[in-house]
Amino acid sequence: MMHIGKFITVAVAVAGFSSGAMADTYQWVDDKGVVHFTDDTDRIPARYQKRVREIPSPKATSPSDDGVLQNQDTGLEPNLPGGLSEEEWRSRFAAIRTEMKDLREGLPKKQDELNQLRRMRIIHQRVQDRTSYSERKAEIDRDETRIKELEAQLSALEIEASRAGVPMEWRQ
């Protein structure tokens, strides 16, 4: 029983000291559209150094005279997580989700058109069919790339919102 008490005491002490030593997080998207995070800049591959986005650590805390951790003043309004209003947070999430939804809903039609163009290209073997096919394929590729970018942005925004303490219902 005595060992459990010591363990709890040590765990609380370690948690108290580590909460003030939070490092910034760094984010980048690789060539395949995968979002990566680290708190050590040495772990970022050299070719992605220019793509890195720094995500500040959450509000710092420090012990008061009575040993209780308190938030330091960050200059942000206390009722506005991350310094943004509910409307601003909702707007940021909605803009990304709306664009993603529109792109995803448009893809099936474009892919059907691409299949029709491919058939026309095979049957008629006209230059204009080949050109139309290539243009439609490039458009689909751009849309798919943009969807990946938006997914990465949404992921980063989720992390930012979590760190700022934004309520889940504001993220809808």
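Buried here means under 20% relative accessible area, with exposed over 50% and partly exposed in between (1.4 Å probe, protein chains only). By that count, 20% of the chain's 172 residues are buried. This is a predicted model, so local features need pLDDT of at least 70 and side-chain atom pairs count only at pLDDT 80 or more, while totals for chains, interfaces and linings use all residues. Numbering starts from 1 along each chain as its sequence is written, and side-chain values use heavy atoms, leaving out hydrogens and water.

**Overall layout**

- There are 3 helices and 5 strands, taken as DSSP runs (helices H or I, at least four residues; strands E, at least two) and numbered from the N terminus.
- Along the sequence they come as α-β-β-β-β-β-α-α.
- Take contacts (heavy atoms within 4.5 Å) with a separation of 6 or more: 55% of them join residues 24 or more positions apart.

**The core and Trp89**

- The largest nonpolar core holds 17 residues, and Trp89, Phe93 and Ile96 have the most contacts inside it.
- Such a core is a set of buried Ala, Val, Leu, Ile, Met, Phe, Trp, Tyr and Cys residues joined through side-chain atoms within 4.5 Å.
- Beyond its neighbours within four places in sequence, Trp89 touches residues including Pro81, Leu157, Ala161 and Trp170.

**Pro81**

- Pro81 sits in the loop between strand E5 (69-71) and H2, and counts as buried at 13% relative accessibility.
- Leaving out residues up to four places away, its contacts are Trp89, Ala164, Gly165, Val166, Pro167 and Trp170.
- Pro167 is 86 residues from Pro81 in sequence, yet their C-alpha atoms are 8.7 Å apart.

**Gln27 in strand E1**

- Gln27 belongs to E1 (residues 25-29) and is buried, at 6% relative accessible area.
- Apart from neighbours within four places in sequence, Gln27 has contacts that include Phe37, Arg51, Arg53, Ala152 and Ala156.

**The second largest pocket**

- This pocket has about 280 Å³ of space.
- Its lining has 15 residues, with Val29, Gly33, Lys148, Glu149 and Ala152 closest to the centre.
- E1 and H3 each supply at least two lining residues, and the largest share, 7 residues, comes from H3.

Technical notes. On a 1 Å grid over the protein atoms alone, a cavity is a set of points where a 1.4 Å probe fits but cannot get out, and a pocket is an open set with protein on both sides within 12 Å along at least five of seven lines; lining residues have an atom within 4 Å of a point. Grid points are joined across faces, edges and corners, and a volume is the space filled by probe spheres set on the points.
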